[in-house]
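Here is a short briefing on one protein model. Keep the sequence and the 3D view open while you read.

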Amino acid sequence: MSEEKVLTKGIAEQFLAFRPVDLIEFTEIKDAAAESLSKSKRSLRLNGLTQLSDAAAESLSKHQGSLELNGLTELSDAAAESLSKLQDEELHLSCLTELSDAAAESLSKHQGDLDLDGLTWLSDAAAESLS
């Protein structure tokens with residue numbers, strides 16, 4: 001049984017203050033922590049996260065730097081819409097195995113590198129959006 005590690009606002013503030021914090025070890029993020037991290041201009045490697053709320057995705061979409069969310073296996077349509085707004089930055093979602101048509105349409109609007117290497121299934125409509 002794996003232990004859940006929650007990224008809180010306090011931990012996010014430590015990261016922003018350049019204290020040694022390994023963001024990869026966290027499996028969950030509080031919405032307030034995502035809001036704090038959105039102010040960072042450094043790459044955010046949040047590859048341990050296994051879920052992401054729509055509010056956290058909205059906050060992280062304001063981040064200026066690459067965003068790695070390679071632990072996520074699911075992404076809501078609303079979260080995809082928010083993350084698509086990450087401007088001119090890398091967005092890594094390589095553990096997603098499928099996307100809804102709406103999520104694919106949203107992510108197709110992303111203006112930067114998009115890593116979806118884990119996809120194993122897409123509808124024809126989703127594939128068309130991403131092509």
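The points below cover salt bridges, the sheet and one serine.

This is a predicted model. The count comes to 2 salt bridges. The sheet is open and holds 4 strands. Serine 61 is buried, at 9% relative accessible area.

**Salt bridge: lysine 5 and glutamate 25**

- The side chains of lysine 5 and glutamate 25 form a salt bridge, with 2.5 Å from N to O.
- This pair links distant parts of the chain, 20 residues apart.
- Lysine 5 sits in the segment before strand S1 (6–7).
- Glutamate 25 sits in the loop between helix H1 (9–16) and strand S2 (28–29).
- Lysine 5 is partly exposed, because its relative accessible area of 32% falls between the 20% and 50% cut-offs.
- Glutamate 25 is also partly exposed, with a relative accessible area of 37%.

**Salt bridge: arginine 45 and glutamate 68**

- Arginine 45 and glutamate 68 form a salt bridge, and their closest N and O atoms are 3.5 Å apart.
- Glutamate 68 is buried, because its relative accessible area is 15%, under the 20% cut-off.
- Arginine 45 is partly exposed, with a relative accessible area of 41%.
- In general, side chains of opposite charge can pair when their charged atoms come close.

**The sheet**

- The strand order is S3-S4-S5-S6, and the pairing is parallel.
- S3 and strand S6 (114–115) are the edge strands, and each pairs on one side only.
- S4 and strand S5 (residues 91–92) run parallel and are joined by 2 bridges.
- Leucine 67 stands opposite leucine 91 in S5.
- In general, the strands of a sheet pair through backbone hydrogen bonds, either parallel or antiparallel.

**Serine 61**

- Where is serine 61 found? Serine 61 lies in the loop between helix H3 (54–60) and S4.
- Serine 61 counts as buried, because its relative accessible area of 9% is under 20%.
- A polar atom of the serine 61 side chain lies 2.6 Å from the backbone oxygen of glutamate 58.
- Leaving aside residues up to four places away in sequence, serine 61 touches Ser82, Leu83, Lys85 and Leu86.

Note on methods:
Residues numbered from 1 in each chain as written. Predicted model: local features only at pLDDT ≥ 70, side-chain atom pairs only at ≥ 80, totals over all residues. Heavy atoms only, no water. Salt bridge = Lys/Arg side-chain N within 4 Å of Asp/Glu carboxyl O. Buried < 20%, exposed > 50% of the residue type's maximum accessible area, 1.4 Å probe, protein only. Pairing = 2+ DSSP bridges. Polar contact = N/O pair within 3.5 Å; in protein donor to acceptor, adjacent residues only side chain to side chain. Contact = heavy atoms within 4.5 Å.
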